[in-house]
Amino acid sequence: MKLNIVTTASGKANVSALFYVKKSVQFSNVLSENAEKQVESVLNGMEDGPFEDLELLEIDGTSTIFVNAAKERGLSSLDHLRMAAFRLAKKASKRQIPVVSIMLADAAPEQFKSILHGLHYADYKFDAYKSKQKEAFQVTFEIVAGEQAATFKKIAEEVAVENKAIVLAKNLINTSASDLYPEEFVANANTIAKYTPGLSIKVRNMKQLEKDGFMGHVTVGKGSSHEPYMITLSYDGTKLARGKNTAKNAAKNARTSADHLVIVGKGLTFDTGGLCLKPPKSMPEMISDMSGAATALAAIQAIATLELPIKVSAVCCLAENAIGNKSVLPGDIFTAKNGKTVMVDNTDAEGRLVLSDGLAEAGLIGATHIVDLATLTGAMVRALGYAVAGFFSNDDALALNVINCGEACCEKFWSMPLEEEYADALKDHFADLKNTGSDAGAIAAALFLQEFVPENTAWAHWDIAGTAFVSKAWKYTDFGATGFGVQTLIELARRMSSVCDESENEAIQSEEYKVC
Ligand code: BES
Ligand code: ZN
Ligand code: ZN
């Protein structure tokens with residue numbers, strides 16, 4: 001897809017796209033009087049005759065696609081715009097329409113952002129393993145933005161960065177485990193750190209993990225021929241002097257956040273279940289058990305590229321849960337980084353073990369806020385399915401922020417309880433803790449993680465087992481990785497970095513797009 005943002009229509013478009021809801025056209029203050037009348041009669045008459053979504057009609061001498069942006073059940077108004085834009089882009093590409101213009105002069109910035117994300121989603125394909133790669137037809141979208149052209153250009157740049165991160169996460173998640181083992185993930189992260197200004201990387205291999213006492217990784221990873229790794233990526237946006245050296249910029253630069261957000265991602269490049277072997281049916285999907293780490297890597301790449309004025313780190317906890325003659329045995333006990341001893345009751349509950357190290361590392365590097373994300377439990381898949389991620393938090397402000405950021409990004413989150421009544425079930429006879437607990441599996445896992453959260457740190461744990469990967473086409477995602485969480489993490493960093501009050505926000509908004 002190519003994008004061209006213009007003030008008024010160039011006249012080069014082959015087709016115009018009009019979004020409509022029921023009988024009214026959206027965002028279109030640029031129609032001629034004649035065209036307006038014709039559109040009105042088409043929309044008034046659509047109930048009488050066959051009228052389908054994406055109908056192509058001649059309006060005032062211009063081929064016009066009517067895109068139905070009506071609210072779909074369960075989706076937010078921004079999400080149905082994404083869906084509509086996604087369908088439009090698919091149709092334009094299939095019909096090989098070179099230039100499509102979309103009238104968006106009246107669209108609000110967040111509506112434009114949603115439409116753009118929808119157009120980008122239509123471009124994604126993962127055909128690396130197909131014997132023949134098909135070239136998709138490249139459509140140019142001309143966005144007729146009126147007076148908002150400058151603002152929309154800025155938004156389009158941001159969306160391009162976000163989309164690049166989403167594509168990165170999806171590609172990593174969709175890649176087979178024999179091609180993406182921990183060392184290969186590290187190679188990808190090294191390349192990203194190298195080409196992203198301001199992003200630094202520290203990598204620990206098996207020997208260093210053992211030496212530093214990160215025994216969760218060692219315990220989970222030692223059964224595999226691929227050694228485990230822990231990656232710590234760091235970015236400090238508070239140190240960037242942004243813009244020209246003017247008094248206004250200096251004031252803006254001084255208004256940086258004191259927070260340090262650390263994103264911790266579960267990175268099981270494959271999860272066989274270990275000696276507590278998984279059944280064959282549920283195993284192939286375990287190529288996605290590194291979704292948390294991929295999402296963390298993708299998000300920090302975007303956050304650094306966008307130069308958000310906040311300190312952010314990402315810890316990727318990488319291992320392969322395999323069967324070998326050195327595999328951890330059920331009943332084995334190890335000492336975690338924070339000194340607590342853990343009995344491995346079930347080798348398939350491995351994510352929480354590597355995450356115990358990730359949480360400890362977050363504390364060591366000075367996190368004020370931690371978000372860990374993990375394809376952690378089958379229980380969460382059964383509870384909330386693929387459309388909603390359950391999350392747990394020890395901090396109400398962070399929890400609210402997660403829900404609000406998710407809503408802005410069309411990613412749904414549901415707050416779950418850290419139910420203390422189930423905490424005793426984690427106690428072991430010999431060790432301090434065991435890695436299984438009550439029948440409420442997702443809560444048990446979250447309570448286990450809570451034992452490793454550094455003191456005085458706001459923490460949220462996202463269980464993305466259901467939302468990271470879909471086994472049938474859903475919304476604007478085909479079979480496979482959804483990229484869930486990338487946008488919400490970026491938005492969280494964006495909002496945490498904006499410590500401005502309303503009047504400052506107004507002043508800033510007039511010069512650049514910023515959401516506080
Ligand atoms: N990676 C799985 C969780 C999972 C399930 C992710 C389905 C995506 C889709 C995790 O490591 C796991 O196996 N958890 C066990 C824990 C149990 C043994 C306590 C589970 O949920 O069954
Ligand atoms: Zn498992
Ligand atoms: Zn797992």
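Predicted model: local features only at pLDDT ≥ 70, side-chain atom pairs only at ≥ 80, totals over all residues.
Residues are numbered from 1 along each chain as its sequence is written, chains are lettered from A and ligands numbered from 1 in the order in which they are written, and side-chain values use heavy atoms, with hydrogens and water left out.

**Stop 1: ligand 1**

Select ligand 1 and its surroundings. There are 16 residues around it, and Asp271, Lys278, Asp348, Glu350 and Gly378 come nearest. Then pick Asp271, which places a polar side-chain atom 2.9 Å from an oxygen atom of the ligand.

**Stop 2: the zinc ion, ligand 2**

Select ligand 2, a zinc ion. Asp271 (OD), Asp348 (O), Asp348 (OD) and Glu350 (OE) coordinate this ion at 2.0 to 2.2 Å. Donors are N, O and S atoms within 2.8 Å of the metal (3.2 Å for Na, K and Ca); water is not among the atoms, so sites may look incomplete. Along the sequence, the donor residues are spaced D-x76-D-x1-E.

The six donor atoms around ligand 2 subtend angles of 71 to 168°, so the arrangement is irregular. Here are the rules for these names. Four donors count as tetrahedral if all angles lie between 85 and 135 degrees; four count as square planar and six as octahedral if opposite donors are over 155 degrees apart and all others between 65 and 115; anything else is irregular.

Glu350 is buried, at 1% relative accessibility. Asp348 is partly exposed, with a relative accessible area of 23%. Buried means under 20% relative accessible area, exposed over 50%, and partly exposed in between (1.4 Å probe, protein chains only).

**Stop 3**

Which residue coordinates both zinc ions? Asp271 does, and the two ions are 3.2 Å apart. Asp271 sits in strand S10 (residues 260–271), while Glu350 sits in the loop between S13 and helix H10 (351–364), 79 residues away. Helices (H or I, at least four residues) and strands (E, at least two) are DSSP runs, numbered from the N terminus. Asp271 is buried, with a relative accessible area of 2%.

**Stop 4: a three-strand sheet**

Select S12, S13 and S17. In that order they form an open sheet with mixed pairing. Strand S12 (333–335) and strand S17 (433–434) stand at the edges, each with a single partner strand, so one side of each has no neighbour in the sheet. Strand S13 (residues 341–343) runs parallel to S17, joined by two bridges. Two strands pair if DSSP finds at least two bridges between them. Find Val342; opposite stands Leu433 in S17.

**Stop 5: the S4–S5 hairpin**

Go to strand S4 (residues 55–59) and strand S5 (residues 62–68). They pair in the antiparallel sense over five bridges. Glu58 stands opposite Ser63 in S5. Two residues lie between the strands. Asp60 is in this loop. Its phi is positive, about 50°, although Asp60 is not a glycine. Asp60 is partly exposed, with a relative accessible area of 35%.

**Stop 6**

Select helix H2 (residues 77–94). Its end C-alpha atoms are 26 Å apart, which agrees with the 26 Å that 18 residues should span at 1.5 Å a residue. The expected span is 1.5 Å times one less than the number of residues. H2 is mostly covered, with 13 of its 18 residues buried. Just after H2, Gln96 takes a positive phi of about 55°.

Finish at Lys475, in the loop between strand S19 (469–470) and strand S20 (480–481). Lys475 has a positive phi near 50° and is a residue other than glycine.

Key:
Near = heavy atom within 4 Å. Polar contact = N/O pair within 3.5 Å; in protein donor to acceptor, adjacent residues only side chain to side chain.
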